[in-house]
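Please have your viewer open as you read.

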Amino acid sequence: MPLLGVCRGMQIINYFFNGNIVRINNHVAINHKIFLELNGKYLNKIVNSFHNWGLFSQDLSGNLKVFAKGEDESVEGLYHPKFKIKGIMWHPERITNTFRKFDINLLQNFFLTQSI
């Protein structure tokens with residue numbers, strides 16, 4: 001069964017796999033740029049942020065991989081290379097009008113395909 005962790009959920013996934021979380025600055029009620037690598041494509045996106053805790057590469061579990069980072073090098077997206085587990089630090093559900101196409105595609109690809 002696929003597992004998606006959003007914000008605190010991503011932090012818990014990392015912690016479950018013996019990673020760490022740390023205090024993080026300038027991530028409460030802001031929009032910021034992230035850099036992603038998805039399916040061999042490199043993208044820049046603007047996402048929202050509502051957290052005081054997060055992680056950097058040195059805090060990442062050795063069992064997990066990064067697919068998105070913020071401009072401050074914070075980990076914004078991670079996944080497990082063997083199990084269908086993914087985490088994101090932004091909140092697709094907090095967009096005021098409607099879900100963004102990028103978020104819809106990310107969720108559909110994760111939940112409706114066999115790929116990790």
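**Around helix H1**

Met10 touches Gly5, Leu55, Val75, Glu76, Gly77, Leu78, Gly87, Ile88 and Met89, leaving out residues up to four places away in sequence; a contact means heavy atoms within 4.5 Å. Before going on, note that this is a predicted model, in which local features need pLDDT of at least 70, side-chain atom pairs count only at pLDDT 80 or more, and totals for chains, interfaces and linings use all residues. Residues are numbered from 1 along each chain as its sequence is written, and side-chain values use heavy atoms, without hydrogens and water.

Met10 belongs to the largest nonpolar core, which has 11 residues, including Ile13, Phe17, Leu55 and Leu78. Such a core is a set of buried Ala, Val, Leu, Ile, Met, Phe, Trp, Tyr and Cys residues joined through side-chain atoms within 4.5 Å. Two or more of its residues come from each of helix H1 (8-16) and strand S7 (75-79); helices (H or I, at least four residues) and strands (E, at least two) are DSSP runs, numbered from the N terminus.

Now look at H1 itself. Its buried residues are Met10, Gln11, Ile13 and Asn14, where buried means under 20% relative accessible area and exposed over 50%, partly exposed in between (1.4 Å probe, protein chains only). Seen down the axis of H1, they fall within an arc of 160°, so they line one face of the helix; the arc is that of the directions from the helix axis to the C-beta atoms. On the other side of H1, Tyr15 and Phe16 are exposed.

Asn14 has 0% relative accessibility and therefore counts as buried.
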